[in-house]
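Have a look at the chain below.

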Amino acid sequence: MNSLIRCILDFYNLQRMENPAVLERMKEGNSEEWIMDRLGRAIFNDCDKEAKATYSRYAIWGEDIRSLTLKARNEMRQGNCERAGKLLNIVINSMGAFIDAQVMLSNKAENISFIEPAEILESYIEALNSNDFKESAEIDSVVKRMEELIKDKPLFYGIED
């Protein structure tokens, strides 16, 4: 398996910045609309010890990341910088969700964890309460749910909801 992974890394590393390798294998539907749902399915599979499609789900989500990044690059080349920025924001937010979910999933006692789940939720609450977000019932509901999790539950890997 290590040799196969090394071949993959070597192939993409050879491309460097000159020429992105675009070999679509997992593309279905609308990446802009489905990216967070696809990531969610992969993460929830990651939490399920019986799940068999975790890696495939992450691959599908990764294809969305690549697709949206390429769309953004094409929009930039056509002078549509505002549209490119919106596409890149989707990618950035999805990558952020992936990173934070991986931190949460790594929070088992036997693993090394650099950030506590409560710290992540507290940073979300702070961001949502900042002036960058307009007040809304949806934001209030999300903040309340996060505050309740921080207060009422021990936050560690494996909590059943």
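This is a predicted model: local features need pLDDT of at least 70, side-chain atom pairs count only at pLDDT 80 or more; totals for chains, interfaces and linings use all residues.

Q: Which elements does the chain have, and in what order do they run?
A: From the N terminus on, they go α-α-α-α-α-α. That's six helices and zero strands.

Q: What makes Met-1, Leu-4, Ile-5, Ile-8, Leu-9, Phe-11 and Tyr-12 a patch?
A: Together they form a nonpolar surface patch of about 710 Å². Take Ile-5, which sits in helix H1 (residues 2–15). A patch residue needs over 30% relative accessible area, and Ile-5 has 39%. Ile-5 is still called partly exposed, because 39% doesn't reach the over 50% that exposed asks for.

Q: Why is the pair of Tyr-58 and Phe-98 called edge-to-face?
A: Rings pair if their centres lie within 6.5 Å, and planes over 60 degrees apart count as edge-to-face. Tyr-58 and Phe-98 are 5.8 Å centre to centre with 80° between the planes, so they pass on both points. A search of the whole structure finds two aromatic pairs, and ring pairs link Tyr-58, Trp-61 and Phe-98 into a cluster.

Q: Which parts does the pair of Tyr-58 and Phe-98 tie together?
A: Tyr-58 lies in helix H3 (residues 54–77) and Phe-98 in helix H4 (residues 81–105), so the pair joins parts that are 40 residues apart in sequence.

Q: How do you know whether Tyr-58 is buried or exposed?
A: Buried means under 20% relative accessible area. Tyr-58 comes in at 15%, so Tyr-58 is buried. Phe-98 has 22%, so Phe-98 counts as partly exposed.

Q: How do you know that the span of H4 agrees with what it should be?
A: At 1.5 Å a residue, the 25 residues of H4 should span 36 Å. The end C-alpha atoms of H4 are 36 Å apart, so the two agree.

Q: Which residues of H4 are buried, and what covers them?
A: The buried ones in H4 are Ala-84, Leu-87, Val-91, Ser-94, Ala-101, Val-103 and Leu-105. Their cover includes helix H2 (31–47), H3 and helix H5 (117–128).

Q: What share of the contacts in the chain with a separation of 6 or more comes from residues 24 or more positions apart?
A: Those residues account for 51% of such contacts.

Notes
Residues are numbered from 1 along each chain as its sequence is written. Side-chain values use heavy atoms; hydrogens and water are left out. Rings of Phe, Tyr and Trp (its six-membered ring) pair if their centres lie within 6.5 Å; planes under 30 degrees apart count as stacked, over 60 as edge-to-face and the rest as tilted. Helices (H or I, at least four residues) and strands (E, at least two) are DSSP runs, numbered from the N terminus. Buried means under 20% relative accessible area, exposed over 50%, partly exposed in between (1.4 Å probe, protein chains only). The expected span of a helix is 1.5 Å times one less than its number of residues. Contact means heavy atoms within 4.5 Å. Patches are made of residues with over 30% relative accessible area and no salt bridge: like charges are joined within 9 Å, nonpolar side chains (Val, Leu, Ile, Met, Phe, Trp, Tyr) within 5 Å. Accessible areas come from the Shrake-Rupley method with a 1.4 Å probe; for residues, only the protein chains shown count as cover. A salt bridge is a side-chain nitrogen of Lys or Arg within 4 Å of a carboxyl oxygen of Asp or Glu.
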